[in-house]
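Let's take a walk through this model together. We can begin at a single residue and then step back to the whole chain.

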Amino acid sequence: MMSEKTARCPAAEVLQLGDLVEYGDGAVVSRALLAGKAGSITLFAFDADQELSEHTAPFDALVQVIDGDGQFTIGGTPHRLRAGEAILLPADVPHAVRAEGRLKMLLTMLRS
């Protein structure tokens with residue numbers, strides 16, 4: 001687990017979220033902005049057709065699409081999200097993410 005010192009975005013500074021993580025060719029890139037006992041905030045950049053396979057997490061997480069669009073499958077039901085949209089990934093429910101084109105998203109996980 002990252003300490004709050006190793007995963008911290010600048011305080012009291014306006015951030016352009018889409019600029020804080022770069023796309024990688026054929027890759028999924030992530031950058032932790034905050035991490036602590038209460039939860040974490042992580043930016044992801046998916047190159048086209050990249051995915052996170054189905055998995056579960058023990059905590060609720062909110063996904064906000066920053067750029068592009070992708071398919072989020074939650075409990076077997078697909079949801080297509082575009083920039084500006086968000087969806088809740090409930091705890092202990094299988095979910096997967098697939099970038100339709102390039103995709104940047106912000107994941108906020110609450111550990112409570």
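**Around Ser40**

Leaving out neighbours within four places in sequence, Ser40 touches Leu34, Ala35, Leu107, Thr108, Met109 and Arg111, where contact means heavy atoms within 4.5 Å. This is a predicted model, in which local features need pLDDT of at least 70 and side-chain atom pairs count only at pLDDT 80 or more, while totals for chains, interfaces and linings use all residues. Residues are numbered from 1 along each chain as its sequence is written, and side-chain values use heavy atoms, with hydrogens and water left out.

Ser40 belongs to strand 2, residues 39-46. (Strands are DSSP runs of E with at least two residues, helices are runs of H or I with at least four, and both are numbered from the N terminus.) One of the contacts of Ser40 is Leu107; these two residues are 67 positions apart along the chain, yet their C-alpha atoms are separated by 7.9 Å. Ser40 has a relative accessible area of 14%, so it counts as buried (under 20%, with exposed over 50% and partly exposed in between, using a 1.4 Å probe and protein chains only).

**The whole chain**

Now step back. The chain has 7 strands and 0 helices, so the order from the N terminus is β-β-β-β-β-β-β. Among contacts with a separation of 6 or more, 64% join residues 24 or more positions apart. Of the 112 residues, 36% are buried. The C-alpha atoms fill a box of roughly 35 × 30 × 25 Å along the principal axes.
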